Structure formats: C-alpha cells, structure tokens
Amino acid sequence: MTIRLFNKIHSLRNKQVPATALGLFRIGYGLITLQEIIFLLYFNHLIFDPIPYLDIEFPMIPAFLGIWVLVASCVVLGYRYQQAVIWNYLLWIVFVNFTPMQRDFDGGFDTFMIGAGFFLLFMPADKTFSLDNLRYKLSRPFVHYSTYQKPSVTVLTYYAPIVICLGFLYFDSAVHKLFAEHWRNGLGTWLPATQPYYVSALDMSPLLNQEWLQNILGYTILVFQFTFIFLFWQRQLRIVYLCIGMGLHLGITISFNIYPFGLGMLCFYLLMVPFAWWRAISSVLVATEPTLTVFFDKLCPLCNRTVLVLNHFDIFKHIDFKNAQDNVINYPTLRSIDNAVLLKDLYAVDTQGRIYSGVETYIQIAKHMRYLAFIGMILSLPLIKTIAIKKYRAIADSRVRIDCQESCLPTTPVTSNTWYTLLFEQQTEQKPKAFTRKLSKIFIVLALLQLNSTIHYGLIYRLKLHNPVLSPLTQTSNMLILWSQTFVGIVPHALYLHDHFQGYDHIIAITYTDEQGKEQWLPFINEEGRMLAPNWGRVHSMWANIAVTPNIDNLRLQKFIMKITAFYGRNLGLDFTKTTFHIQMKKIDAPSHWVYDQRNLNMAGTWVIIGKAQWQNKQIQISLPDDINRL
C-alpha cells in the first residue's frame, strides 16, 4: 500500500500542468473569505457582544476584521501571496477558536475554510492572475513580456486538496448518512428543503413534489460521496464527478440559506475542470489577433514598465506592444512621423490604420481591453481628458532614457519565495525520492486523522460502542480530533441527519408591537417561517441549530432571544421601554418518508404566541412556558 502511494505521488509530482485553475481557485477562496468578513462586520454586535450594543466585550473586533479584509484582498489579488495566505490561515484559526463564532455561530464551513487555507500555504496559486507575477516582471523591465513562458506546476497541487478536502469529507459524510432514515429512504435532499428555517426564497416545490426525482437525487448523492475518492482519478469518470459535484453544490447555494458552504465547495471544482476545457474557454475569450498595436521606446525604463503593467491586465490579449525602434518600419502609416516625435509618446495603430498618441492611446487601450472600456469613456470626457493630458505631458517630458544592454538588467530580480518553490521545486531537485517519501508519510498521517474522526463519530458513536476499557483510546482520539479540527479542518461531517430533524416539529419567531399598537415581524424570520436575508450562514446556524432544536433548552433559547431583540431593536430604532416582543411558535413536520407538498404545508402553519420579552434598564425579562417541547 505504501509503495503504491509512493509511486502514485512520484508520478503526479513529476507531471507538469498549466497553473491556470490555481489562480482562479485562489481568487474564489479569497472572495468567499471577503464576503464572510463583511458578514461578520455587519453582524459584529450580534455575534461578538454578550448583549448587542449594550455590553461590548470585544471593541477591537472591527479593527481586526478590517485587517483581515486587507489580508483577504491580498489573497484575491495575489499580492505578497505567501505572507497573505499565512496570515489569512492564522486569522481563520483565531476567529473560529477564540471568539463566539465556533460556540454559538458556527458557519458550517469554518473548518472547511481552514482546511482549504492550509493547502493554499503550499500551493503555487500566485503563478497566474496575481500581482506577484507582475512584480516579478517589473523587476526586469527590459525583458519583453513575450519572452516569459506560461507557468506550469506539478499536478499534485491539483489532486492533493481535492483528495483531502473533498474526498475525505464526502466519504466521512456518506458513512454518517447511512445511519439517517431519510437518507436511506432516498430523501436526503428532500427533507431539509421542506423545512422553513433552511430554505432560501426560491420555491423548489415543483421539484420536491416529484418523489421519483427526489429518490434519484438522494441515492445519487450517496453513491457519489462513497465513490468519489476512489474513482474521480479516472479520466473517463472525472467529468461525471465534476458535473454531479457542481450540480450538488450549486443546488445547495441557490436553494438553501447556507450559501457560503455551497460556494466554498464549488471553488474546489475549479481544480477538477479538464485542462482542455480551459484551453477551449481561452480560445473563445482571447483574441486570435490583436486589435490594437502600441509602440513604445525600448530605451525608456518607464515605458517598458508601463507596457508590462498594461499587458498584465490585458487578459483577453487584444493589444500587442512593440518597441518603436525595431518595428515601425513594418507600419507605413507611422513612417512619416519623425523618430524624435515618435519616441516622445506612446503611439498606437488599430486594425483600420487609425493612429493615436499620448492620452488617446491610453483611451484606446482601455476600450480595446473591453472590461475597462468604462474607464476609457470616463477618460474621454472633456474636463478629465484635459487634466489627463496635462499630467501625461509632465510625466512623458521628464522621463529618462537608457542605452540598455544586458548589463542594465537587475542582478537580483524579484523571485518567488513561496513554500511551494522551496519545497516542491528546490527540494525535489536535490533529493526527489526522499522528498516523495516525506510527502507519502504526510498523506498517510492526514488519512489516519480523517479515519480517526470517521471511526470515532461515524461508527463508535453511532453504534454506541463506548466501553470503559477503551476510555484511554477514546480520550486520545478526542485529542487528535481537536488538533485536526483546529489546524487542518478535519471534522465529522454529520450534517442534517436524523438526530437533527427527528422531533423537529416546531419553529419559533419573534414579533413586536409598534407605537401604533400594530404587530410587526422582526426582519429575521417572516410569517412563513423562513429566515430573511442576510440572516443566513452562521446566523441561521445560531437560531436553527442551537437556539431552536428538537429538544429546546429554555436558557439557551432565552440567551438568543435576548441577542436578537437587542440587535434588531437597536437597528430598527425601537424604544425598548415601550416595546413588547412576542415569542411565536408554529408546528411543522419533518417526516422521514415522502409527503406531497410538505414544504408548503410547513409554510402555511398557524403561529401561536407562547411568551413575551421586554427590556428594562438594559435587562430583559422573558416569559416562556417551563417546557416548550411539550406544547
């Protein structure tokens, strides 16, 4: 087994492939992180304050979240990549483990993002679509961009995160699903989609009311998750697994209110897209011939750097940059221009032979880049154009020219110092087999950590095989799970199973009486029982998975009623001394067998007031039945 793993890793490590999807994966991961930080900023007081707005325990949280925004932005842009992904990884760990995010506001994908962040530490995701790539080129301004080859990486950087972050997750989740009756009945996707707390505003009833379709979806997901880690390697099956996986997580994104989890999983499927597909997409989007040719002075360092920057952002390759000294002779329309004049500005020629110079060249560059056409139109406005021409002349007339030979190239250009370069490229060259053996051992350790979690929670816990004799092993297993969860994101993936929905026959919402004596719904849960945007993700988890459960704990429910009323009361500008909040309950059903139109039946239930809450002097008085579960 070990020898086969060694041989497989060795063959994957030696196979070089384009780095295109790694850059897109980095951008997707960074954007999802950014939206989650913005979410945390919006719900800062609800999540981090013991009593929203009234008792602020972490006043520096917004400042640290602001720092995280900068870090995540650097990840998206690929700027100072290695430092950015290290800090991003550490910030995920700190916020998840040292704030109420994990205890009360588990987003359902936090550990998943930690695991993905861990692999980004070692992935060369800065090689494409990154500012670091541009920084490297700018350190050698007199080397034309056309001399740089497209970056390639070992295919292991694609497969490793797929195996660990998707393959292990799916297999562990499938083991847990076997113990859930509704999954065994083929209703794994149907049951959560009929529960008001869990659905988005999109009504999926026409699909939910087709039992045969729901059975197909449910059993397909079970087979898909059990077999993914074993079969996605096969070239003939990879597209099948790609399409099913993307369909699964796209469905989660649009039909449930846990969209961050769906988007996070979708990011990984960028790594599974066949390289031929990227080439086909490129052939459609990238121009076969340039539509604008720009001429620059090859002896001008500023001109060379400008060309490198402009070419870097010309992602559709509509512009070709040529040095004027060697190429003007091939363009009759430019021969009549004196060389001294020609080298004074950036000149451009389009496919119709029209000539542009100075600011007009930049306007045409923006328009020909297509996605920057709006900037070109703004720059064309009379007043802005006049200011731009004045600024352009001040820079262009003061630039310095150098009679550059090889000697003017920098002796120490910016080079990649990422962990990927240090480990996968330099170590591989020195001791390839020894490094492969180390990688094999690391993969075995990660596999054992996942196996420990699966056996502990998926089998021993589910089958109730606890034994006092095995207590030391159980404690050791728990300790390993704690470490693997904290630093690698390996956790049990027992989401939305029978122990979650069994007995989930009531939901709770909050209304209040306004100054006119009219009852209003807090912008939290509406009359149907659906959670309104933006109360999704981790806020949904707080209410639907912790506050309201099959067996409601009054103290826990009161804690979150306090937080919700304080947060939205302040946001709505309510006078707490004159506002009474009403606790509403509605009966629903979570059957493990298929029921026609169950989603709408749950939405149409009748609400009953079971208690009230009122604030006085920063204290809340909540009146609830002693045992809500008996109502």
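Reader: Where is F129 found?
Author: F129 sits in the loop between α7 and α8 (131-138). Helices here are DSSP runs of H or I with at least four residues, strands are runs of E with at least two, and both are numbered from the N terminus.

Reader: What are these values taken from?
Author: This is a predicted model, in which local features need pLDDT of at least 70 and side-chain atom pairs count only at pLDDT 80 or more, while totals for chains, interfaces and linings use all residues. Residues are numbered from 1 along each chain as its sequence is written, and side-chain values use heavy atoms, with hydrogens and water left out.

Reader: Back to F129. What is its phi?
Author: F129 is not a glycine, yet its phi is positive, about 50 degrees. Most residues other than glycine have a negative phi.

Reader: Which class of accessibility does F129 fall in?
Author: F129 counts as partly exposed because its relative accessibility is 41%. Buried means under 20% relative accessible area, exposed over 50%, and partly exposed in between, using a 1.4 Å probe and protein chains only.

Reader: Which residue other than glycine has a positive phi near 55 degrees?
Author: N617, with phi near 55 degrees. N617 lies in the loop between β10 (607-616) and β11 (619-623), and is exposed, with a relative accessible area of 73%.

Reader: And which peptide bond is cis?
Author: The bond from A533 to P534, with omega near 5 degrees. P534 is in the loop between β8 (519-521) and α27 (538-547).

Reader: α27 also holds R538. Is R538 buried or exposed?
Author: R538 is buried, at 0% relative accessibility.

Reader: What is R538 in contact with?
Author: Setting aside neighbours within four places in sequence, R538 contacts E36, F39, L40, I47, W92, M101, F105, D106, G107, F109 and D110. Contact means heavy atoms within 4.5 Å. R538 and I47 are 491 residues apart in sequence, with their C-alpha atoms 9.1 Å apart in space.

Reader: How do α5 and α7 cross?
Author: The axes of α5 (residues 81-98) and α7 (residues 110-120) come within 9 Å and cross at roughly 155 degrees. Axes are lines fitted to C-alpha atoms, for helices over the stretch in contact, and angles run from 0 to 180 degrees between N-to-C directions.

Reader: What does that make α5 and α7 to each other?
Author: Roughly antiparallel. Angles over 145 degrees count as roughly antiparallel, under 35 as roughly parallel, 65 to 115 as roughly perpendicular, and the rest as oblique.

Reader: Which residues make the contact?
Author: From α5, they are Y81, V85, Y89, W92, I93 and V96, and from α7, D110, M113, I114, G117, F118 and L120. Ten of these residues are nonpolar, one is polar and one is charged. Ala, Val, Leu, Ile, Met, Phe, Trp, Tyr, Cys and Pro count as nonpolar, Asp, Glu, Lys and Arg as charged, and the others, Gly among them, as polar.

Reader: New topic. Which residues touch the most other members of the largest nonpolar core?
Author: Y197, F228, W543 and L557, in a core of 143 residues. Helix α9 (residues 156-177) gives the most to this core, twelve residues. A nonpolar core is a set of buried Ala, Val, Leu, Ile, Met, Phe, Trp, Tyr and Cys residues joined through side-chain atoms within 4.5 Å.

Reader: What does W543 touch?
Author: Not counting residues up to four places away in sequence, W543 touches residues including Y197, F524, M531, L557 and F560. There is also a second, separate core of 21 residues, with L292, V294, L346 and A396 among them.
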